[in-house]
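Thanks for coming, everyone. Let me put the model on the screen, and then we'll walk through it.

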Amino acid sequence: IDEEFSYNIGRALGEKYKNILFGIDSRIGSDRIKDYFVTGVLDSNAKVEYAGIISTPMLYFLTKDKFDVGVIATASHNPKEFTGFKICGKDGIPLSPERDIKPEFKEYRMPDRIYDSEDFRKDFEKDYIDYYLEKFQDLDYRGEIVVDFSNGATVYEKKIIEKIFPNAYLIGDNPDGNFPNHAPDTMRKECLEMLIDKVKETGAGIGIIFDGDGDRIGVVDEEGNVIRGDILSCIILSELSKGKNNETVIYDLRCSHIVPETIVSLGGKPLKSRVGHYFIKKTMKEKNAIFAGELSNHFYFKEVGGFEAPLLALYYILKSVGESRLSEVAKKYMKYSHSGEINFKVKDQKETIDKLLKEYQHGNIDYTDGITIEENDWWANIRPSNTEPLLRINVEAIDESTMDKKIQELSSLIEGG
């Protein structure tokens with residue numbers, strides 16, 4: 001994605017939508033292309049307001065009901081060399097590149113004049129900050145907190161956290177597209193090392209980490225243990241579900257079986273979804289769901305508009321923990337042994353999946369997203385990556401030895417072929 005593409009995407013969106021909100025993440029590549037995008041929009045006679053460096057959840061929050069479309073130049077949690085765009089409609093649902101953008105997309109001649117995006121800058125922080133300050137008013141959390149911003153786009157989230165937790169320990173809190181501390185990823189263990197060390201050093205009750213564009217939140221407990229996204233969903237729901245009954249809650253199919261079990265025990269209706277924010281946001285709207293949680297640390301809330309809101313996730317986690325220790329709260333939901341996502345490099349995705357289907361033909365097979373094989377004491381989901389020659393595998397079993405055995409079994413079948 002270069003300056004020319006950015007100008008053309010600005011033109012394409014400006015032809016179709018006449019009131020556009022635009023922001024960028026902290027990447028060097030995003031900064032380089034911002035003026036070209038703004039120029040493309042203006043050359044289509046559309047209006048653009050530039051918000052500067054903002055998180056993706058802030059973009060969704062600001063776009064909702066105020067703009068025709070929201071655009072952020074970001075490559076999320078990818079390495080620093082990457083650049084990209086996330087584009088959403090006024091309901092926070094991502095636009096489809098094939099359906100909503102490609103028909104309008106053309107290659108235009110580059111203009112002689114490039115506008116300065118700063119001339120179209122507008123300050124949007126008040127509504128966003130006020131919303132969260134009001135939400136956190138009734139929180140009575142007395143423990144210490146460590147926050148790693150991953151040198152990403154969570155500029156306003158930092159302002160909110162500093163107001164709510166004035167004594168918080170902050171890491172990587174200056175936007176820096178070189179990501180000097182670690183890659184801006186909440187899912188990779190090596191990216192959590194600084195956070196874990198700081199939690200142990202300070203005796204904090206919780207450590208949290210944002211990814212590069214701030215739509216994921218990773219959490220470690222007071223002992224420095226990483227808490228998986230599906231366990232976090234259960235912790236959030238134990239507080240969010242209070243006073244509610246028969247509400248739909250969505251979880252992605254990689255999540256532990258403890259998630260639907262917890263939803264039912266709290267009086268809710270569990271709904272399994274395929275992976276990905278496009279499908280989840282669409283389903284949330286269709287089913288009027290109050291919450292959705294993904295294994296990948298994306299948490300969606302109806303109350304804010306049906307999109308990711310990591311600060312709301314933090315609020316409900318801290319409410320749920322109360323005076324307890326986070327490790328003890330999390331332990332209640334660790335009923336099964338779950339592998340987390342394991343990637344296997346394969347020559348032919350389809351051929352390997354067919355081989356697994358043949359091997360486990362007597363199990364229960366679900367084709368919602370890749371394949372899910374379910375037998376009495378274990379299950380596994382196998383999904384092909386859309387961008388790499390990989391199969392992504394999640395395995396869960398009634399105990400660790402069964403899980404290890406099944407991982408070994410699947411590995412042999414996949415790597416043997």
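First, a word on terms: contact means heavy atoms within 4.5 Å. Axes are lines fitted to C-alpha atoms, for helices over the stretch in contact, and angles run from 0 to 180 degrees between N-to-C directions. Helices (H or I, at least four residues) and strands (E, at least two) are DSSP runs, numbered from the N terminus.

This is a predicted model, where local features need pLDDT of at least 70 and side-chain atom pairs count only at pLDDT 80 or more, while totals for chains, interfaces and linings use all residues. Residues are numbered from 1 along each chain as its sequence is written, and side-chain values use heavy atoms, with hydrogens and water left out.

Now the overall picture. The protein has 14 helices and 20 strands. Its radius of gyration, taken over C-alpha atoms, is 22 Å. The globule rule, 2.2 Å times the number of residues to the power 0.38, also gives 22 Å for 417 residues, so the protein is as compact as a globular protein of that length. The C-alpha trace spans about 65 × 55 × 40 Å along its principal axes. Buried means under 20% relative accessible area, exposed over 50%, and partly exposed in between, with a 1.4 Å probe and protein chains only. By that rule 57% of the 417 residues are buried. Take the contacts between residues at least 6 apart in sequence: 69% of them join residues at least 24 apart.

On to the sheets. Two strands pair if DSSP finds at least two bridges between them.

Look at β7, residues 206–210. Five of its five residues are buried, so β7 is largely enclosed by the rest of the structure. Which residues sit on each side? Ile206, Ile208 and Phe210 are on one, Gly207 and Ile209 on the other. In general, side chains in a regular strand alternate between the two faces of the sheet.

What does β7 pair with? Strand β5 (residues 145–148) runs parallel to β7, joined by four bridges. Val147 has Ile208 of β7 as its bridge partner. Strand β8 (residues 217–221) pairs with β7 in the antiparallel sense, over five bridges. There, Phe210 stands opposite Ile217. The hairpin of β7 and β8 has six residues between the strands, and Gly214 in that hairpin takes a positive phi near 75°. Further along, two bridges join β8 to β9, antiparallel again. Val220 faces Val226 of β9 there.

Ser150 lies between β5 and α6 (155–164). Its phi is near 55°, positive in a residue other than glycine. Buried or exposed? Ser150 counts as buried, at 0% relative accessibility.

Strand β10 (residues 248–252) pairs with β11 in the parallel sense, over five bridges. Asp252 has Ser273 of β11 as its bridge partner.

The loop between α10 (277–287) and β12 holds Asn288. Asn288 has a positive phi near 55° and is not a glycine. Asn288 is partly exposed, with a relative accessible area of 44%.

Last, a helix pair. The axes of α3 (residues 56–63) and α5 (residues 125–135) come within 10 Å and cross at roughly 105°. That makes α3 roughly perpendicular to α5; angles under 35 degrees count as roughly parallel, over 145 as roughly antiparallel, 65 to 115 as roughly perpendicular and the rest as oblique. Pro57, Met58 and Phe61 of α3 meet Glu125, Asp127, Tyr128 and Tyr131 of α5.

That's my tour. Over to you.
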